[in-house]
Amino acid sequence: MSSVKTTAHSVVEPTPTVKRIAGAIVILYALVTMIPLAWIFLTSIKSPPDSISYPPKIVFTPTLEGYCNLFTTRTRQTPDYIQALPAPSSTCDEITRGRNMVIAGPSNYWPRFGNSLLIAFGSTFLAVSLGTLAAYGFSRFRVPLADDLLFFILSTRMMPPIAVAIPIYLMYRQFGLSDTALGMILLYTAVNVSLAVWLLKGFIDEIPREYEEAAMIDGYTRLQAFWKVVLPQATTGIAATAIFCLIFAWNEYAFAVLLTSGSAQTAPPFIPTIIGEGGQDWPAVAAGTTIFLVPILVFTIILRKQLLRGITFGAVRK
């Protein structure tokens with residue numbers, strides 16, 4: 001008669017002290033990472049002299065001058081000319097006249113900001129759409145030399161973008177894609193699709209094939225099974241992939257500087273060119289940066305639950 005001895009492996013629960021220490025570390029890390037963002041925002045509401053004062057001013061009188069300088073172009077006028085004008089019609093008009101200047105018209109910030117929205121979200125949509133289809137094909141079908149193809153797709157992310165800057169510049173000039181939103185969307189899509197394929201293939205691999213097989217037995221076509229069964233299951237992965245692709249397209253600087261200069265210029269290369277009377281207008285630069293952070297922040301907050309699930313998807317297997 002033999003007996004079987006079983007050993008139960010129990011998970012050690014962290015003590016309250018360990019939990020408090022871990023929580024304190026996370027909070028401290030979050031505060032440290034927020035310092036640059038807080039400093040940018042504080043700079044955006046400083047006056048130009050306060051923004052370059054040394055030592056830096058922590059206590060100062062807030063002003064909207066940076067935002068007014070960001071949204072408008074100004075010209076200097078004589079005090080007699082300014083006094084002959086009617087009463088200021090807005091806060092920016094009043095602030096500008098206090099500097100012996102008048103507003104000449106709007107700046108180019110909003111058109112550049114709109115270009116960023118169009119190019120970043122357009123390329124993200126295309127990259128995620130193409131990446132989902134390609135990842136589904138690699139996951140569900142026998143593709144000849146699949147491993148080699150996947151490595152080739154990934155290899156496009158290994159080289160620095162500047163290595164192909166000159167060939168892309170010459171090609172875009174030849175085909176008339178320089179300084180066009182279409183050209184930037186196609187370029188960012190090409191760069192992001194490799195990341196999308198690799199991320200989404202891992203998510204789709206985790207979805208059991210039996211779901212699709214059951215749907216096709218019920219009369220669904222392959223396309224219907226993909227649309228109604230696979231896509232809903234891969235929502236978390238698609239959301240996580242979309243965030244990573246959007247962050248790259250939203251913040252990309254090198255290609256934007258090289259390939260755009262006018263109608264299709266995005267906000268990243270435009271913001272550093274904001275010049276005031278005495279040089280760089282740091283409050284206006286900080287104001288433009290603060291506004292530029294808002295869309296990507298809102299998009300990430302909206303998809304934060306899907307992002308967390310997507311990052312941890314497949315970490316625990318049954």
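Reader: Which residues have the most contacts inside the largest nonpolar core, and how many residues does that core have?

Author: This is a predicted model, and what follows should be read with that in mind. The largest nonpolar core has 37 residues, and those with the most contacts inside it are Leu 70, Tyr 109, Leu 187, Tyr 188, Phe 255, Leu 259 and Phe 292. At least two residues of this core come from each of helix H3 (65-71), helix H6 (109-140), H8, H9, helix H12 (235-251), helix H13 (254-259), helix H14 (267-270) and helix H15 (282-302). The largest share, seven residues, is supplied by H15.

Reader: What does Tyr 109 touch, once residues up to four places away in sequence are not counted?

Author: With those sequence neighbours set aside, Tyr 109 touches Leu 70, Phe 71, Phe 270, Ile 271, Gly 288, Ile 291 and Phe 292. Two of these partners, Leu 70 and Phe 292, are listed with Tyr 109 itself among the residues with the most contacts inside the core. Apart from this core lies another, of twelve residues, among them Ala 196, Ile 207, Leu 231 and Cys 245.

Reader: Turning to open space, how much of it lies in the largest pocket, and which residues are the closest to its centre?

Author: The largest pocket holds about 420 Å³ of space. Its lining is made by 18 residues, of which Val 164, Ile 168, Leu 187, Ala 190 and Val 191 are the closest to the centre. The elements that give two or more residues to this lining are helix H8 (165-175) and helix H9 (181-205), and H9 provides the largest share, six residues. Sorted by class, the lining has 15 nonpolar, two polar and one charged residues.

Reader: Which backbone oxygen lies 2.9 Å from a polar atom of the side chain of Asn 115?

Author: That oxygen belongs to Ser 263. Asn 115 lies in helix H6 and is buried, with a relative accessible area of 14%. Not counting residues up to four places away in sequence, Asn 115 touches Ser 263, Ala 264, Gln 265 and Thr 266.

Reader: Where is Ser 44 placed, and what does it touch beyond its neighbours in sequence?

Author: Ser 44 is in helix H1 (residues 16-44) and counts as buried, at 0% relative accessibility. Its side chain reaches the backbone oxygen of Phe 41 at 2.5 Å. Not counting residues up to four places away in sequence, Ser 44 touches Thr 63, Gly 66, Tyr 67, Pro 283, Ala 286, Ala 287 and Thr 290. The C-alpha atoms of Ser 44 and Ala 284 are separated by 6.4 Å, although the two residues are 240 residues apart along the chain. A further separation, of 9.0 Å, is found between the C-alpha atoms of Ser 44 and Pro 62, 18 residues apart along the chain. Pro 62 sits in the loop between helix H2 (48-51) and H3 and is exposed, with a relative accessible area of 56%.

Reader: Finally, what should I look for in the backbone itself, and which residues does a cis peptide bond join?

Author: Most residues other than glycine have a negative phi, and most peptide bonds are trans. Here, a cis peptide bond joins Tyr 54 and Pro 55, with omega about 0°, and Pro 55 is found in the loop between H2 and H3. Asn 100, although not a glycine, has a positive phi of about 60°; Asn 100 lies in the loop between H5 and strand E2 (101-106) and is partly exposed, with a relative accessible area of 34%. Asp 179, likewise not a glycine, has a positive phi of about 55° and is found in the loop between H8 and H9.

Notes
Residues numbered from 1 in each chain as written. Predicted model: local features only at pLDDT ≥ 70, side-chain atom pairs only at ≥ 80, totals over all residues. Heavy atoms only, no water. 1 Å grid on protein atoms, 1.4 Å probe; cavity = no way out; pocket = protein on both sides within 12 Å on 5 of 7 lines; lining within 4 Å. Points joined across faces, edges and corners; volume = space filled by probe spheres on them. Helix = DSSP H or I, 4+ residues; strand = E, 2+ residues; numbered from the N terminus. Nonpolar A, V, L, I, M, F, W, Y, C, P; charged D, E, K, R; others polar. Core = buried A, V, L, I, M, F, W, Y, C linked by side-chain atoms within 4.5 Å. Buried < 20%, exposed > 50% of the residue type's maximum accessible area, 1.4 Å probe, protein only. Contact = heavy atoms within 4.5 Å. Polar contact = N/O pair within 3.5 Å; in protein donor to acceptor, adjacent residues only side chain to side chain.
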